[in-house]
Amino acid sequence: MSIVNYLLSAFSIGIIFLLGATGEIITEKVGHLNLGIPGVMSVGATGGCIALQAMYKYRDVLPGWLIVLVALLACFICAGLMGLLYCFITVSLHSNQNVTGLALTTFGVGITKYEMSKLTRIGAHEYLYALPIFRQPFSDSTNALKYCGVMTFIALFIAIAVSFVLYRTKVGLNLRAVGESAATADAVGINVTAYKYVATIIGSGIAGFGGLYYIMDYAGSQEAYLSIEALGWLSVALVIFSLWKPLVCVFGSFVFGLLYIANAYAASILGITLPMKLTPIMKLLPYVATVIILVLTSIRKRRENQPPAGLGITYFREER
Amino acid sequence: MDNNNHKEKQPLFHITKRNEMPVWQAMSVRVIAVMAALLLCMILSFILIGINPGKMLVSMITGSFGSQRRVWKFFKDLAVLLCISLAVTPAFRMKFWNIGAEGQTLIGCLASVACIINLGGKVSEPLLVIIMLAASLAAGAIWGLIPAIFKAIWDTNETLFTLMMNYIATFIVSYYLMVWTPSGSSTLGALKYGFLPVVFHNYFLLILVVVILTVLIYVYLNYSKHGYEISVVGESRRTALYIGINVKKVIVRTMALSGALCGLAGFLIVSALDHSITTNSVGGQGFTAIMVSWLAKFNPLAMAGTSALITFLNQGASQISTDFNIDSAFPNIIVGIIIFFIIGCEFFIYYKVNFRHKGKEAK
């Protein structure tokens, strides 16, 4: 059974990467490399937890779906606000994306640590009462299946929906045009600024779900908020790994999950004991795989696998 | 453009690029931004936590300059941050977005520690320090070269590549920590060999090295042929090709230099400060350095000022969190807010907001 557990766990932890990466894909598709994603995910999680904490008193009165919905909404708003901040500085104030993104991560992780440690102190992490609700319909399972809660389905739905919008609708076409060449898109009459704002905010909101999923579903512990940053960076890596395609991302998130927890399960599956010192080497694998993919795509130069051409370039209309 | 469509409603404002702003004016915009950010932080902490703004300011200043020990610590932190910032600058001038300073510095630390563990006690102390220096420089340079070579040959996206290299470095360090600590605790105690000589004060030599480095980098970037080539490649790769600069060579050479200087920072951290290594030895300074370098507009001399500002904020904010018993994450929030303001204010230095009614201008 341990193989099944391994696959299930890999799939579940992959959902974090999937949500983070799907959000980042939308942002990168409009040409903005948001390195603030780890911060955004953390803040999203914080927002959700604060909302859950606030509903603690009414937990018996409110229906479960409403609790989840409010938490998701709070998460989306908080993460979206971070996206708005990033967008205001990079789009409206024409600032450097890398610098802004890194500052956003510092800022977001700071807020998260501050707020979450406060929650733990005052409420004795009461927000965790919602764990069984988030883990519906498998909350009674004793194996890894219990991590496949409601948000798993939301994540898969979002990934498919985003893929559909990006590649099958006019909005998606315009959005990708903005990311490839903002000046061209502008000339065609696409509202570049609006597209960038909306895409970044929605993308950040989705990425925020990743953080909330990790705390309220996968980890379910009060210290979970401390590791969101590391998972956030893996999400940024996953975007590259999956060649900026949300559907590949579903597969990629599973691969990342397999690699990320390989060490914990390798011993029981293979029936051997691995030396402890191999743990870091195993944890390295997702990053190495990402580098290899990045190099291979740049060598092969297939046009559909390249990063958006305008990635990282600030667009100023009067400078063309 | 607006003059052509009189019939349409004109937008409320439009943005134009400024001519170069006088230095004093640009500086005053930045000072105003920092002041505004500090004010906002004070108001926020007054409302949210109830800290007296006056006391907060005092605590902030004493955090960096309250005692002789704190002043030395201030200059020590400043020196390390400045060293890494100087390291990333040549690459940034070339518009090579090296965000891998964290990893390059960490690998430099690792190389130094590896030398101490393997050679400590077997060779004389001065020789060991020299070997450590060489090893750190080489390790950092290699870590910088890997993405640079792929960038030069296949135009692989360097931002993403160097970002990944950071994590690879982190896990390599945690691997070696497990190898070196047989108990499996993964915490390496302070090592007994490989000390940078102490002159005047523990930190003096470290600070001196960075001061010299600042001047050297300034001269290198502004008055040498290499520096000129870097600027041209950064401005326009095509121009560089036309005038016969070997772009690939410049990219590889500059990144090797950038990485080696990060390695130097790693060497300094180990030999002058920590005498040990953790996965957090660099502590995010590789990322902060990017902001420092960018805020100084890639000018090494101005970088001394911006890294002083960031160090001051960090130290002041952590003093506040001790004095008022707030969570240690508080400094990150304050520094984050202030950096947003500084990043944001650059806009007003380079652009002008023209409102619809003539003559009205934003600052």
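This is a predicted model: local features need pLDDT of at least 70, side-chain atom pairs count only at pLDDT 80 or more; totals for chains, interfaces and linings use all residues.
Figure 1. Contact between them involves 6 residues of domain 1 of chain B and 8 residues of domain 2 of chain B. On the side of domain 1 of chain B that touches domain 2 of chain B, there are 6 nonpolar residues, with no polar and no charged residues.

**Figure 2. Contact between chain B and chain A.** In this view, 41 residues of chain B are in contact with 40 residues of chain A. The elements of chain B that each supply at least two residues to the side touching chain A are β1 (13-17), α5 (125-154), α6 (158-180), α11 (285-295) and α13 (330-350). By class, that side of chain B consists of 28 nonpolar, 9 polar and 4 charged residues.

**Figure 3. Crossing of helices α10 and α11 in chain A.** Helix α10 (residues 228-241) of chain A and helix α11 (residues 246-260) of chain A have axes that come within 9 Å and cross at roughly 130 degrees; α10(A) is therefore oblique to α11(A). The crossing in which α10(A) passes α11(A) is right-handed. From α10(A), the contact is made by Leu234(A), Leu238(A) and Phe241(A); from α11(A), it is made by Cys249(A), Gly252(A), Ser253(A) and Phe256(A). The residues of this contact of α10(A) with α11(A) comprise 5 nonpolar, 2 polar and no charged.

Note on methods
Residues are numbered from 1 along each chain as its sequence is written. Chains are lettered from A and ligands numbered from 1 in the order in which they are written. Axes are lines fitted to C-alpha atoms, for helices over the stretch in contact, and angles run from 0 to 180 degrees between N-to-C directions. Helices (H or I, at least four residues) and strands (E, at least two) are DSSP runs, numbered from the N terminus. Angles under 35 degrees count as roughly parallel, over 145 as roughly antiparallel, 65 to 115 as roughly perpendicular and the rest as oblique. A crossing is left-handed if the near helix is turned anticlockwise from the far one by less than a right angle, and right-handed if clockwise. Two residues are in contact if their C-beta atoms, placed from the backbone, lie within 7 Å. Ala, Val, Leu, Ile, Met, Phe, Trp, Tyr, Cys and Pro count as nonpolar, Asp, Glu, Lys and Arg as charged, and the others, Gly among them, as polar.
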